[in-house]
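Trainee: Before we look, I would like to go through the labels one by one and ask what each rests on.
Mentor: Good, then let us set every value against its definition.

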Amino acid sequence: MERKKIKKGINLKLVTGIILAISVIIGIASTSSNSKGTRTKAVKKGKILSINDIIADPYIYKGTITVTGVVADKSRFRKIPKDVFLMIETSEAKICKTTGCASFYLPVKYEGEHPKEWDEVNVTGSFIEVEGGILFVAKKVEVLRHLKF
């Protein structure tokens, strides 16, 4: 009697493990299969996107768009060029009360004066593909306000 209970327990663990493995494989496949040029998403003129809007697949946004977010501290990242600053999702910065806890950092290349850490900004420009990822090249940076915590 106890052997059957043990076997049922093992089978349940096996089934749970298989389901978990399938879920992980599906998750990896969905995050690694971005649309790098195969799909596009139209954005209404004047619409401002958040970092959360673009995080799933920035490759689908073609042409000039505006993205809003908070400027993050880039000092802990070694290979960020001087003409690039990082942005994070505004709501994430407010919740964390730090700009170092984001799950996604949007690299923004801008030739003009860079905003300061904790500035909430709108950046207008477009994405370009670079070695190892994607970069947002801003033509315009507008500081909306400076957040204080």
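Trainee: Why is K74 called partly exposed?
Mentor: K74 has a relative accessible area of 23%, and since buried means under 20%, exposed over 50% and partly exposed in between (1.4 Å probe, protein chains only), K74 is therefore partly exposed. This is a predicted model, in which local features need pLDDT of at least 70 and side-chain atom pairs count only at pLDDT 80 or more, while totals for chains, interfaces and linings use all residues. Residues are numbered from 1 along each chain as its sequence is written, and side-chain values use heavy atoms, with hydrogens and water left out.

Trainee: Where does K74 lie, and which residues does K74 touch?
Mentor: K74 lies in the loop between β2 and β3, where strands are DSSP runs of E with at least two residues and helices runs of H or I with at least four, numbered from the N terminus. Not counting residues up to four places away in sequence, K74 touches I80, P81, K82, V84, F85 and L86, contact meaning heavy atoms within 4.5 Å.

Trainee: What makes E89 a residue without a salt bridge?
Mentor: A salt bridge is a side-chain nitrogen of Lys or Arg within 4 Å of a carboxyl oxygen of Asp or Glu, whereas the nearest side chain of opposite charge to the buried E89, that of K94, is 8.6 Å away; Lys and Arg count as positive and Asp and Glu as negative, with His and the chain ends not counted.

Trainee: Which backbone nitrogens lie at 3.2 Å and 2.9 Å from a polar atom of the E89 side chain?
Mentor: The backbone nitrogen of I51 lies at 3.2 Å and that of N52 at 2.9 Å. A polar contact is a pair of N or O atoms within 3.5 Å, where within protein one must be able to donate a hydrogen and the other to accept it, and residues adjacent in sequence count only if both atoms are side-chain atoms.

Trainee: How do you know that β5 and β6 pair?
Mentor: Two strands pair if DSSP finds at least two bridges between them, and 12 bridges join β5 to β6, which run antiparallel.

Trainee: What makes the 22 residues a nonpolar core?
Mentor: A nonpolar core is a set of buried Ala, Val, Leu, Ile, Met, Phe, Trp, Tyr and Cys residues joined through side-chain atoms within 4.5 Å, and the largest such set has 22 residues, with V67, M87, L106, V123 and F136 having the most contacts inside it. Strand β6 gives the most to this core, with four residues.
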